[in-house]
Amino acid sequence: MIYRPSTGPGYMTGVISAEFDFNFRKWFTLTVGLSGNGAFQDVFDVMSGAKAGRNRGVAMSLLPEARFNWLNRPLVRMYSSIGAGIGVTAYTKVGYDYPSFSWYPVFQVSPVGISVGRRVYWFAECGIGMQYLGGMTGIGVRF
């Protein structure tokens, strides 16, 4: 056990995402979300304390969602959404030249969401799934 490397604290970029909306009807929007989260962690030699390298990885997902707008006013939208897509994680450990990849299904259900504003808007959702569990809020820009 004493000859194994020890790891330092881990760090993440936080989720960085973009969402593309296609409005087919006043009540229906197809949303395609793309998100990513990077992470790294330094690894140290137990005996010398010298840095041996860095574990690093990224998790990305592509998530199409069906969004049902049940209140669609010029400044306020309330909606529910459900989606399924695909995710991939690439992770490289110290001592390995190539990353290992994991592919997995991604789903998200958001029973209630609200957005307030026109071009620049605030949004908040509650949901359950692989993207988040609980609540999410943020600022968006419509192009």
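Let's start with Met 78: leaving aside neighbours within four places in sequence, Met 78 is in contact with Phe 68, Asn 69, Trp 70, Leu 71, Val 112, Gly 113 and Ile 114. Keep in mind that this is a predicted model. The protein has 143 residues, with 8 strands and 0 helices.

- Met 78 sits in strand E5, which covers residues 76-92.
- Is Met 78 buried, partly exposed or exposed? Its relative accessibility is 22%, so Met 78 counts as partly exposed, given that buried means under 20% and exposed over 50%.
- Among the contacts of Met 78 are Phe 68 and Trp 70, and also Val 112 and Ile 114.
- Cys 126 lies 48 residues from Met 78 along the chain, and the C-alpha atoms of the two are separated by 12 Å.

- Thr 31 belongs to strand E3, made up of residues 28-44.
- With a relative accessible area of 1%, Thr 31 is buried, because the cut-off for buried is under 20%.
- Which residue has a side chain joined to that of Thr 31 by a polar contact? Asp 21 does, and the contact is 3.1 Å.
- Asp 21 also turns up among the residues Thr 31 touches, along with Glu 19, Phe 20, Leu 63, Pro 64, Glu 65 and Arg 67, if you don't count residues up to four places away in sequence.

**The fold and its outline**

- Read along the sequence, the pattern goes β-β-β-β-β-β-β-β.
- The C-alpha trace spans about 65 × 25 × 25 Å along its principal axes.
- The radius of gyration is 20 Å, while a compact globule of 143 residues would come in near 15 Å.
- Take the contacts between residues at least 6 apart in sequence: 45% of them join residues at least 24 apart.

- How much of the protein is buried? Buried residues make up 31% of the 143 residues, and Thr 31 is one of the buried residues.
- The accessible surface comes to about 9700 Å², and 67% of that belongs to carbon and sulfur atoms.

Technical notes. Residues are numbered from 1 along each chain as its sequence is written. This is a predicted model: local features need pLDDT of at least 70, side-chain atom pairs count only at pLDDT 80 or more; totals for chains, interfaces and linings use all residues. Side-chain values use heavy atoms; hydrogens and water are left out. Helices (H or I, at least four residues) and strands (E, at least two) are DSSP runs, numbered from the N terminus. Buried means under 20% relative accessible area, exposed over 50%, partly exposed in between (1.4 Å probe, protein chains only). A polar contact is a pair of N or O atoms within 3.5 Å; within protein, one must be able to donate a hydrogen and the other to accept it, and residues adjacent in sequence count only if both atoms are side-chain atoms. Contact means heavy atoms within 4.5 Å. The radius of gyration is taken over C-alpha atoms; the globule rule is 2.2 Å times the number of residues to the power 0.38. Accessible areas come from the Shrake-Rupley method with a 1.4 Å probe; for residues, only the protein chains shown count as cover.
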